[in-house]
Amino acid sequence: MKKYIGSDAGIIIPSNITTISDYAFTSPNITKVTITDTVTTIGDHAFDGCDNIIIYCNTNSAAHLFAQKNAINFILLDSVKLFLGDANNDRSVTAFDAVVVLQLVAGISSASENTNLVCDVNGDGNVTAFDAVLILQNVAGMSTGFPIGDYLT
Ligand SMILES: [Ca+2]
Ligand SMILES: [Ca+2]
């Protein structure tokens, strides 16, 4: 990849990319870039100007080593904890997550791989409207945590 010309804040590098060139990303709007293990070469100045960027990558990938070498913030995808109650997987628990749970319960949307795990906040094995209530109570500060904790490791 020689140069990114889009304006998105979050970017996922396509899996057919193996090289990211110098100065490929320069927009200060970019806050999140996901780099898979297929990328093995990253130019030293690939993210110059992206002052608020966080690199999402796997442990010991080229992207991970690059982030460490260049003092860029990174999050290791392979060690990310699942946030209990974070139904839409944006790493925070909000009222919208309760809506997502209710949509699941109503059959309006379907569950993905981890959804049932993170939505079943009381750990009874089922995703129900009660889980949504618990999420709302948590968001409203009425409870300090979920019955089975805040994270799934
Ligand atoms: Ca969320
Ligand atoms: Ca439940």
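1. Contacts across the sequence. Residues 24 or more positions apart account for 32% of the protein's contacts with a separation of 6 or more. Two residues are in contact if their C-beta atoms, placed from the backbone, lie within 7 Å.

2. Basis. This is a predicted model: local features need pLDDT of at least 70, side-chain atom pairs count only at pLDDT 80 or more, and totals for chains, interfaces and linings use all residues. Residues are numbered from 1 along each chain as its sequence is written, while chains are lettered from A and ligands numbered from 1 in the order in which they are written.

3. Domains and extent. Domain 1 covers 10-79 and domain 2 covers 82-152. These bounds come from an automatic or database domain assignment. The two domain centres, taken over C-alpha atoms, are 30 Å apart. The C-alpha trace of the protein spans about 50 × 25 × 25 Å along its principal axes.

4. Secondary structure. The protein has four helices and eight strands. Helices (H or I, at least four residues) and strands (E, at least two) are DSSP runs, numbered from the N terminus. Their order along the sequence is β-β-β-β-β-α-β-β-α-α-α-β.

5. Helix pair. H2 (residues 95-106) and H4 (residues 129-139) pack at an angle of about 175 degrees, with axes 8 Å apart. Axes are lines fitted to C-alpha atoms over the stretch in contact, and angles run from 0 to 180 degrees between N-to-C directions. H2 is therefore roughly antiparallel to H4 (over 145 degrees). The residues making the contact include Val-101 and Leu-102 of H2, and Ile-135 and Leu-136 of H4.

Methods
Angles under 35 degrees count as roughly parallel, over 145 as roughly antiparallel, 65 to 115 as roughly perpendicular and the rest as oblique.
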